[in-house]
There are 2 protein chains.
Amino acid sequence: MKIKNSRLDAIRLILSTQDISSQEELLNELAKEGFKLTQATLSRDLHQLRVVKTVRTPGQYKYELPRNSQYRTNDSESRPLTTQQEANGFLSIKFSGNIAVIRTKPSYAGTLAYHIDNCDFPEIIGTIAGDDTVMLIIAEDTTRGTVLRVLRSVIPNI
Amino acid sequence: MKIKNSRLDAIRLILSTQDISSQEELLNELAKEGFKLTQATLSRDLHQLRVVKTVRTPGQYKYELPRNSQYRTNDSESRPLTTQQEANGFLSIKFSGNIAVIRTKPSYAGTLAYHIDNCDFPEIIGTIAGDDTVMLIIAEDTTRGTVLRVLRSVIPNI
DNA sequence: ACTGAATAACAATTCAAA
DNA sequence: TTTGAATTGTTATTCAGT
């Protein structure tokens, strides 16, 4: 229950920040974080998170979270969103190099970027927003996990 | 080849119009259309089309095409700008690190970015547009050649 | 409800051939 | 380059136990 949810969060974190190409590989990453489980359980977790195995380049696979990262366990699906969750329009976040790309619902990007800017996170040296996309320039020596962690205060549903 | 391409088209049509939950099931549908092939070949076809196996409801799977290879009727709205090469306003593309910068004619950038976004290329994790400039954030481990190749479906005159 | 061990089911790849 | 047969590899499920 409690353990399982933190494990699902760990899976989401790992899949959001690195390229994973098999359940075996993900199992190893989870082991590094102290999660002990078998492939059977992981398969069920991925099923619950509706993770899909995509083809990146021929012969190379990547496990990806669904784009509207409506995660959490089944019980939270029926729980109404808080105003803050509802308000930020967050859909997904991806990383490449020192840049994070946040997708939002249409027209939400500007407001979200404004809020992130206002936080003056030292880990995020700047943002730029379109209509449904926010780009974050990440400070050097800052990990993606850290970025996700600090963003949680602005985007609780990240 | 000719046969193979029509088979790929048949696959795209089937996946666009019905729920398929396994390769074997798809094999049967293809047989109805007169295509004789084995699971090995089908697996390769699906790989080429970058089809993903998604979870619809718990325990129920569905093979889905990526957005940019879905079957579309000739409504010009959602269709990429493949017909009129002039329509996209493309002028030039340059690269630096994991960023590509596309210059367009004035006011064309937003529409072009929109179309690129809609394709959901895994190689391009995000775009942001000004008036005559589109910036693309390129996924890690993706070459510039690959970026140019995938953009060709949106910008034939690239 | 959650899990691991074993297994079944399924999909990807190898190999040989055309 | 494309393919099928066989094989391997990977993931989903069953079953039993907690």
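Biologist: How many residues of chain A are in contact with chain B?

Modeller: There are 17 residues of chain A in contact with 19 residues of chain B, where contact means C-beta atoms, placed from the backbone, within 7 Å. This is a predicted model: local features need pLDDT of at least 70 and side-chain atom pairs count only at pLDDT 80 or more, while totals for chains, interfaces and linings use all residues. Residues are numbered from 1 along each chain as its sequence is written, with chains lettered from A and ligands numbered from 1 in the order in which they are written.

Biologist: Which strand of chain A supplies the largest share of that side?

Modeller: Strand 1 of chain A does, with 5 residues. Helices (H or I, at least four residues) and strands (E, at least two) are DSSP runs, numbered from the N terminus.

Biologist: And strand 6 of chain A, what does it form with strand 5?

Modeller: The two form a hairpin with 3 residues between them. Strand 5 (residues 124–129) and strand 6 (residues 133–138) of chain A run antiparallel, joined by 5 bridges; pairing requires at least two bridges found by DSSP. A:Ile124 has A:Ile138 as its bridge partner.

Biologist: Now the DNA. Which residues come nearest to DNA strand C?

Modeller: Of the 19 residues around DNA strand C, the nearest are A:Ala40, A:Thr41, B:Gln23, B:Ala40 and B:Ser43. A residue counts as near if its C-beta atom, placed from the backbone, lies within 6 Å.

Biologist: Which helix gives the most to that surface?

Modeller: Helix 3 of chain B, with 6 residues.

Technical notes
Contact = placed C-beta atoms within 7 Å.
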